[in-house]
Amino acid sequence: ADVVRYRTHLLRERRFKPASVGTYLTAVRRFYAFLAHEGTIGTNPARAVGGSSRPRTHVRRPLTGPELAALLEAVDGTGTPAVRDRAMVLLMLRAAVSETELVRLRLGHVRRSGGVFHLSLPAGMRSASPLSVPVGGDAALALERYLRLRGEGRIKSLDDNVWAYLPRYANAMPAAYQGSSLTLKHLLTHRSGIPHNDESPFLDG
């Protein structure tokens, strides 16, 4: 009943389009599926709640110059999440890597020749045959920075407890959540509509 009310809220009050409602409900279903898998709940209450039909095509306008600048500024930092996110955004912007291709990449798909990185996309990701996508410029610099940071061990195992990285929030959480076994991998693999079974250089500890 709660999930149905949430869907109604998205449609009537938030006035979301069908595609957006479907995306939100996919996230809810996957979250409940995770809770059921962990034994926190018995069954997935969102499984029987269907989403709205999705359009066959999506018409989206390109980002404007100021919007693009704001996006890059939002992921311009020195912390591990910012370095990772900037590399991901620039790979999508400069090399036309889709979000699905991005999360399916593994370290073995990334190779470097001179000052240019190449992403070796396996057959089936973008075309029927394997494809090599060159990555240069600021995208290559961002990718190199991330890989170097990762190699230095500053990015730890994704099996680590998430509260080890959020000490300021750990003590502020309700007692029921303190000491929970929530890991970084749990957070990073909870996404809507994106395959999450493949190893990825951005998700592999």
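Here are some notes on the predicted model shown above.

1. Ground rules. Residues are numbered from 1 along each chain as its sequence is written. In this predicted model, local features need pLDDT of at least 70 and side-chain atom pairs count only at pLDDT 80 or more, while totals for chains, interfaces and linings use all residues, and side-chain values use heavy atoms, with hydrogens and water left out.

2. Layout. The protein chain has eight helices and three strands, taken as DSSP runs (H or I, at least four residues, for helices; E, at least two, for strands) and numbered from the N terminus. Reading from the N terminus, the order is α-α-α-α-α-β-β-β-α-α-α.

3. Of the 205 residues in the protein chain, 28% are buried, meaning under 20% relative accessible area; over 50% is exposed, and partly exposed is in between (1.4 Å probe, protein chains only). The accessible surface comes to about 13100 Å², with 53% of that belonging to carbon and sulfur atoms; areas are from the Shrake-Rupley method with a 1.4 Å probe, and for residues only the protein chains shown count as cover.

4. The largest core. A nonpolar core here is a set of buried Ala, Val, Leu, Ile, Met, Phe, Trp, Tyr and Cys residues joined through side-chain atoms within 4.5 Å. The largest one has 24 residues, and L91, V97, L102, F117, L119 and V135 touch the most other members. At least two residues each come from α4 (80-94), β2 (116-121), β3 (131-135) and α6 (137-151). Leaving out residues up to four places away in sequence, V135 touches L91, A95, V116, F117, L119 and A140, where a contact means heavy atoms within 4.5 Å.

5. Helix α1. Residues 2-13 make up this twelve-residue helix, which reaches 15 Å from first C-alpha to last, close to the 16 Å expected at 1.5 Å a residue. The expected span is 1.5 Å times one less than the number of residues.

6. Two backbone spots to look at. R15 sits in the loop between α1 and α2 (18-38); its phi is near 60°, a positive value in a residue other than glycine. R15 is exposed, at 70% relative accessible area. A96 lies in the loop between α4 and α5 (99-104), with phi near 55°, again positive in a non-glycine residue. A96 counts as exposed, at 53% relative accessibility.
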